[in-house]
Amino acid sequence: PPPPFAPPPPPRKLLGRSLGSSPKARFGGPAATLRGFRPFSSNVSAEKAQPTITLEISKKNSKFDKDMTPKEIVESLNRHIVGQNDAKRAIAIAMRNRWRRMKLESPLKDEVMPKNILMIGPTGVGKSEVARRLAKIAGAPFVKVEATKYTEVGFHGKDVDTIIKDLVEVAISLQRAKAKEENKAEVTLAVENRILDILAGDSAQSSTRESLRSLLQQGELGDRTIEVELPVGGNKGMQNDGKGGFQLGDFVVKMDNMMGSKTQTKRMKISECMPILEDMEADKMINSETIEREALKNTEENGIVFIDEIDKIIDVHHFGADASAEGVQRDLLPLIEGSAISTRHGTVNTEHILFVCSGAFHQVKPSDLLAELQGRLPIKVELKALTEADLYLILTVPESNLIKQQVALMGTEGLRLAFPDDAIKELARVAYEINATVENIGARRLHTVIERIMEEISFTADEHAAGDKGGDFTVTADYVRERVSSMMVKSDLSRYML
């Protein structure tokens, strides 16, 4: 039989870097260390032969460290949103103030409250886009909701308290992802060892294991089929009760954890089972109680709630009961002012959560909101309607503008699409004119116009790619006018049609 402990293996690669190199090169941080690795052998149990790893990973992570200055936030938004500088500045200042508050000492820190924002502007000018982009750069628990989805307490439907419960779930997902990222080196090593145990067995020589490990890291074993034990899935009960309260599924999961979850053997390709094994190993290394505790704290200190269509919960008729009107405003008052909301993970205090509300206010005015609610939204920002020049910039400035999207889509067919500058200007002019004569839906009108222009090209893209012009097609200003002529003729009459 082989000796209990095989000789130490030569330096090998992990995550594309050599374990024999410096700790900084291996794990991307100056404090990362690795010690006490012992390979498997036939006379040593798997539990005792597991590698002993001590990792001290720096808390600063570029993916989750979002201490951006107001200028950096505005510059980030400028890459995707045209104009609306007042709204961008208000959002940037509000986010930076949250960072500034965290630098204060108690009790002053507890007295600094967030300045909630009300964005007012017509449809299609970028209110929802600001929220979508803000969620990507915030690095904090963020949830966007529609005010019309909620009903007054006592009516059938969702209460506004579920907003905070959803925010907590987002915070837990963020915290879990952060923990997995910090333990990525340990997880990868554990998964590799588990797959190597299946491929080579415990009694394999160290040289054999290292050869297989090298092939595994290079991806050459991804198509090989192995038998792996995975937890049995199945119905976990009611996972969402609509109210965010106690769920039967939670009870079932906790009982499974106490009694030991059942497993089943499945035949899968290595490339397919590796993500599943990574999640399983990561869950073993993550303390759920710590995750929940830190997520609750992160929600209270850094949570952001974006409430859209808040103008739709204003009762303009003043007759009959409307479960989604003024009663929802009254329910929002304590939520925005600051109250304790009970969730299945613990109690959340909403005093320091930032609320950003928006609405078009076409048929009503911001002053039609409850006076108390207006007072809880002290910063009011008005977004301006889009001009023809703004529409042109929307088609050219953003990193993933509509023109680039169409060119890329047609490129998959081998069709090289070109939009000269005069054609883009004509497209913007047509969209602006239709907005002025029919209904102003802002930048969303560009989608309508572009789809009308691209309809024939998309339908015959394969024919154009194999045509006499060698797969080149130029959209000219004349072609734009030709394709949208029917829209322009009917524009004056369409407003009177049912």
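This is a predicted model: local features need pLDDT of at least 70, side-chain atom pairs count only at pLDDT 80 or more; totals for chains, interfaces and linings use all residues.
Strand 8 and strand 9 form a hairpin with 2 residues between them, strands here being DSSP runs of E of at least two residues and helices DSSP runs of H or I of at least four residues, each numbered from the N terminus. Strand 8 (residues 340-343) runs antiparallel to strand 9 (residues 346-349), and 4 bridges join them, where two strands are taken to pair if DSSP finds at least two bridges between them. Residues are numbered from 1 along each chain as its sequence is written, and side-chain values use heavy atoms, with hydrogens and water left out.

Helix 8 (residues 206-217) has 12 residues, and its end C-alpha atoms are 16 Å apart, in agreement with the 16 Å that it should span at 1.5 Å a residue; the expected span is 1.5 Å times one less than the number of residues. The buried residues of this helix are R209, E210, L212, R213 and L216, with buried meaning under 20% relative accessible area, exposed over 50% and partly exposed in between (1.4 Å probe, protein chains only). Seen down the axis of helix 8, these buried residues fall within an arc of 165 degrees, so they line one face of the helix, the arc being that of the directions from the helix axis to the C-beta atoms. Among the elements that cover them are helix 7 (184-200) and helix 10 (270-285). Just after helix 8, G219 takes a positive phi of about 80 degrees.

In the loop between helix 9 (248-259) and strand 6 (263-269) lies K262, which is exposed, with a relative accessible area of 68%. Leaving aside residues up to four places away in sequence, K262 touches L230, P231 and V232, contact meaning heavy atoms within 4.5 Å. K262 and L230 are 32 residues apart in sequence, and their C-alpha atoms are 8.5 Å apart in space.

The aromatic pair count comes to 1, under the rule that rings of Phe, Tyr and Trp (its six-membered ring) pair if their centres lie within 6.5 Å, with planes under 30 degrees apart counted as stacked, over 60 as edge-to-face and the rest as tilted. This pair is formed edge-to-face by F473 and Y479, at 5.7 Å centre to centre and with 75 degrees between the planes. F473 counts as buried at 14% relative accessibility, and Y479 is buried with a relative accessible area of 16%.
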